[in-house]
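Work through the exercises below with the sequence and the model open side by side. Try each task before reading its solution.

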Amino acid sequence: MAEPGVVTRFAPSPTGYLHIGGARTALFNWLFARANGGKYLLRIEDTDRKRSTDEAIEAIFDGLAWLGLDHDEEPVFQFSRQARHAEVVQRLIDGGHAYPCYASPEELAEMREQQRAAGQPVRYDGRWRDRDPADAPAGVKPAIRLKAPQTGETVIEDLVQGTVTFRNDQLDDMILLRADGTPTYMLSVVVDDHDMAVTHIIRGDDHLVNAARQSLIYKALGWDVPAFAHIPLIHGPDGAKLSKRHGALGVDAYRDMGYLPEAMRNYLVRLGWSHGDDEIFSTEQAIEWFSLDHVGKGAARFDFQKLEHLNGHYVREAEDGRLTDLVCASLESAGQSVDALARQRIGDLMAGLKERAKTIVELAESARFLVRQRPLEPDEKATKLLDGDARAMLDRLAARLDALDGWDAASLEEAVRAHAEAEELKLGKVAQPLRAALTGTNVSPGIFDVLAVLGREEALGRIRDAA
């Protein structure tokens, strides 16, 4: 059932590419908003000025655009909102919910060392919590800390994880504003989510303890706490945390490897969410079906083979003109020039080419013979097919084909079959050497279609080159 007034957000830090886990988080937020007729917003958390880069921001925008995850309002840049964050901190101080802490970095390091030595949990000990500010050392700028409750519990009613309880004596007085006046992540996130009217925070379950800490800030400010949904992380096929060797790559890498955005959306939504036994479904169906009730609690496993299989399905379903554009772009990015005639040939043969390909890169490789210049250099398998007998047979076939009036697949098939009969050979003994001559490989779409698409002059030229 749709929930009215839903607002979700995706809030990446621009310190690197848009990785696959972030893409899935964005997708879940986008789907939940679309399923409920709500808004999906984008916030760039660029407060870490040393590590945030314009290139990373562009990579995030590009990755989300390629995946088709459109946001509903202009993106919010967190760094630009620092004055607002500081204003909220002052409100907390005025309300007695925050206080200045003058402890030096050296003092805090010593405190942590003593706690470790005593086998105690490492956290701020509240040394400035109730101290008179008149005790402040001269010329020292304080950090501002939240005056968090020290007894009782903070309970998160998580829409995925269920009821999660944290003892307040385990949550220390976190810093809200650093001594240099910059707000911390914890504070900025709360203020921005409130100001953006976010109703549902859907993110990785590594943020679960942050939900408890952020709830304390919401309550201190008297603001409504959004609904939390912490989704399980993605692991590799071996159950270990996802790393680059498993596929923890940027979304742009998947595009370059030849995956289609609709296949990536279908695959990513199935990582941790399910709709019965359905494996393949459209984005429209995902929007119709998506709910947080069907997000699992256990880590999802990333499996390249499943992704390839799914992508192969979407390649076969894709419109030929679109695939032609993608294949030509792939060939050109690999340094192969594609003229208008070659593009026409690729388009004419696409229906046959796409039947076997799992990715656009594979598809481009299988179409490469259509743009190669004569004479073709046959690969190892094709070379074996072009022995002396085969070359002599092809020479005779070229003469037969040259005599044809028409040059269409049906006429060509009739002529090749007649030639096999005249040579007292099975069709394969003619078709396979012919394929090797025309393509330089031993696999291709239907050989009569290949002959027709190459055209009389090019096809006969290639056959005679091989013969």
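The model is predicted, so local features need pLDDT of at least 70 and side-chain atom pairs count only at pLDDT 80 or more, while totals for chains, interfaces and linings use all residues. Residues are numbered from 1 along each chain as its sequence is written, and side-chain values use heavy atoms, with hydrogens and water left out.

**Exercise 1. Describe the largest pocket and its lining.**

Step 1. On a 1 Å grid over the protein atoms alone, a pocket is an open set of points with protein on both sides within 12 Å along at least five of seven lines, whereas a cavity is a set where a 1.4 Å probe fits but cannot get out; lining residues have an atom within 4 Å of a point. Points are joined across faces, edges and corners, and a volume is the space filled by probe spheres set on them.

Step 2. Take the volume and the lining. The largest pocket holds about 1,000 Å³ of space. Its lining has 34 residues, and His 19, Gly 21, Gly 22, Asp 206 and His 207 lie nearest the centre.

Step 3. Assign the lining to elements, where helices (H or I, at least four residues) and strands (E, at least two) are DSSP runs numbered from the N terminus. Two or more lining residues come from each of β1 (7-10), α1 (20-35), α5 (185-195) and β9 (200-204). The most come from α1, with six residues.

Step 4. Sort by class: Ala, Val, Leu, Ile, Met, Phe, Trp, Tyr, Cys and Pro count as nonpolar, Asp, Glu, Lys and Arg as charged, and the others, Gly among them, as polar. The pocket lining then has 14 nonpolar, 12 polar and eight charged residues.

**Exercise 2. Find how α1 packs on α8 (261-269).**

Step 1. The axes of α1 and α8 are 10 Å apart, at an angle of about 85 degrees.

Step 2. Name the arrangement. Angles under 35 degrees count as roughly parallel, over 145 as roughly antiparallel, 65 to 115 as roughly perpendicular and the rest as oblique. The two helices, α1 and α8, are therefore roughly perpendicular.

Step 3. List the contact (heavy atoms within 4.5 Å). From α1 come Ile 20, Ala 23, Arg 24, Leu 27, Phe 28 and Leu 31, and from α8 come Met 264, Arg 265, Leu 268 and Val 269. By class these are eight nonpolar, no polar and two charged residues.

**Exercise 3. Which residues line the largest cavity?**

Step 1. Count. There is one cavity of 30 Å³ or more, and the largest cavity has a volume of about 50 Å³.

Step 2. Read the lining: Leu 27, Leu 31, Arg 265, Asn 266, Val 269, Phe 281, Ser 282, Thr 283 and Ala 286. They divide into five nonpolar, three polar and one charged.

Step 3. Assign elements. At least two lining residues come from each of α1, α8 and α9 (283-289), and α8 gives the most, with three.

**Exercise 4. Describe how α11 (320-333) crosses α12 (340-353).**

Step 1. The axes of α11 and α12 come within 9 Å and cross at roughly 130 degrees. That makes α11 oblique to α12.

Step 2. The contact residues of α11 are Asp 320, Leu 323, Thr 324, Asp 325, Val 327, Cys 328 and Leu 331, and those of α12 are Arg 343, Ile 346, Gly 347, Met 350 and Ala 351. Their classes are seven nonpolar, two polar and three charged.

Notes. Axes are lines fitted to C-alpha atoms, for helices over the stretch in contact, and angles run from 0 to 180 degrees between N-to-C directions.
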